[in-house]
Amino acid sequence: MRRRYEAHWPSLGRMWPRIGELRTLALGTPGELRTTLNTLVLAGVKTATAGRLAEYAEEGEELEHVGERLALVDDDDALAGVVEITGVEIVRFADVPWEFARAEGEGDRSIEEWRAGHAAYWARLGTPVDDDSQIVCLRLRLVSGGEGGAASGDLGT
C-alpha cells in the first residue's frame, strides 16, 4: 500500500551533515558507486532515489519534503551539485513501482531486477529488507551542478 508523505517526520534532530543551510545527500557508498550515481544525477538521468525508512529513525533525521534542496556530495563530502525534492512517498519494498525504479536511472531492465539489486545492496550493508520493509521513494531534480558547479546562492533553503 502506498502512502503519500506531505508533512515532516517528527522533529528528531539534525544529524546529517550540512553544507550551508542544506542537508547533504550522499548517494550509495563511497567510491565507484557514489561516483556513478552522482554522474547520473548531474546528467539528469537519475531523478529518483530510494532509502530505508528505518534509516531515518536510526540516524535521528527527518524525512525530506517537497521543495527542500539538498547538497549532493562526493566521497570527500565536497559539494557536487544541488537537487530539489519534487516528491516523497513511502511504500512497501514489494510495492515500489517500476515507473519509480526506472526513474532511478541505474539501468535496471525490470522491477524484479531493481528489487534484486537493491535487496543485495542493503544486505551487503547489513540492513536486509523484505517485502514489508518501508522504503522512502524520493523524486528529485537537479538545480545546479556539473561543469558550472553549484552556485553559492543555491545553498539556502
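Analyst: What follows goes through the salt bridges and then the confidence of this predicted model.

User: How many salt bridges does a search of the whole structure find?

Analyst: The search finds twelve salt bridges. One of them joins Lys46 to Glu106, with the closest N and O atoms 2.7 Å apart. This pair links distant parts of the chain, since Lys46 sits in the loop between α1 (32-42) and β4 (48-52) while Glu106 sits in the loop between α3 (98-103) and α4 (111-124), 60 residues apart.

User: And is Lys46 buried or exposed?

Analyst: Lys46 counts as buried because its relative accessibility is 2%, under the 20% cut-off.

User: Okay, what about Arg141, which residue does it form a salt bridge with?

Analyst: Arg141 forms a salt bridge with Glu84, and the closest N and O atoms of the two are 3.0 Å apart. Here too the pair links distant parts of the chain, with Arg141 in strand β7 (residues 134-145) and Glu84 in strand β6 (residues 79-92), 57 residues apart. Arg141 has 37% relative accessibility and so counts as partly exposed, whereas Glu84, at 16%, counts as buried.

User: Which residue pairs with Asp132?

Analyst: Asp132 forms a salt bridge with Arg92, the closest N and O atoms being 2.8 Å apart. Because Asp132 lies in the loop between α4 and β7 and Arg92 lies in strand β6, the pair ties together parts that are 40 residues apart in sequence. At 51% relative accessibility Asp132 counts as exposed, and Arg92, at 24%, counts as partly exposed.

User: Switching topic, what is the mean pLDDT of the chain?

Analyst: The mean pLDDT of the chain is 86, and 82% of its residues reach 70 or more. Among the elements of the chain, α3 has the highest mean pLDDT (98), and strand β1 (residues 3-4) has the lowest (33).

User: Where does pLDDT stay under 50?

Analyst: It stays under 50 over residues 1-14, a stretch for which the model has 36 contacts beyond four places in sequence. Where pLDDT is low, the predicted coordinates should not be read in detail.

Note on methods
Residues numbered from 1 in each chain as written. Predicted model: local features only at pLDDT ≥ 70, side-chain atom pairs only at ≥ 80, totals over all residues. Heavy atoms only, no water. Salt bridge = Lys/Arg side-chain N within 4 Å of Asp/Glu carboxyl O. Helix = DSSP H or I, 4+ residues; strand = E, 2+ residues; numbered from the N terminus. Buried < 20%, exposed > 50% of the residue type's maximum accessible area, 1.4 Å probe, protein only. pLDDT = per-residue confidence, 0-100. Contact = heavy atoms within 4.5 Å.
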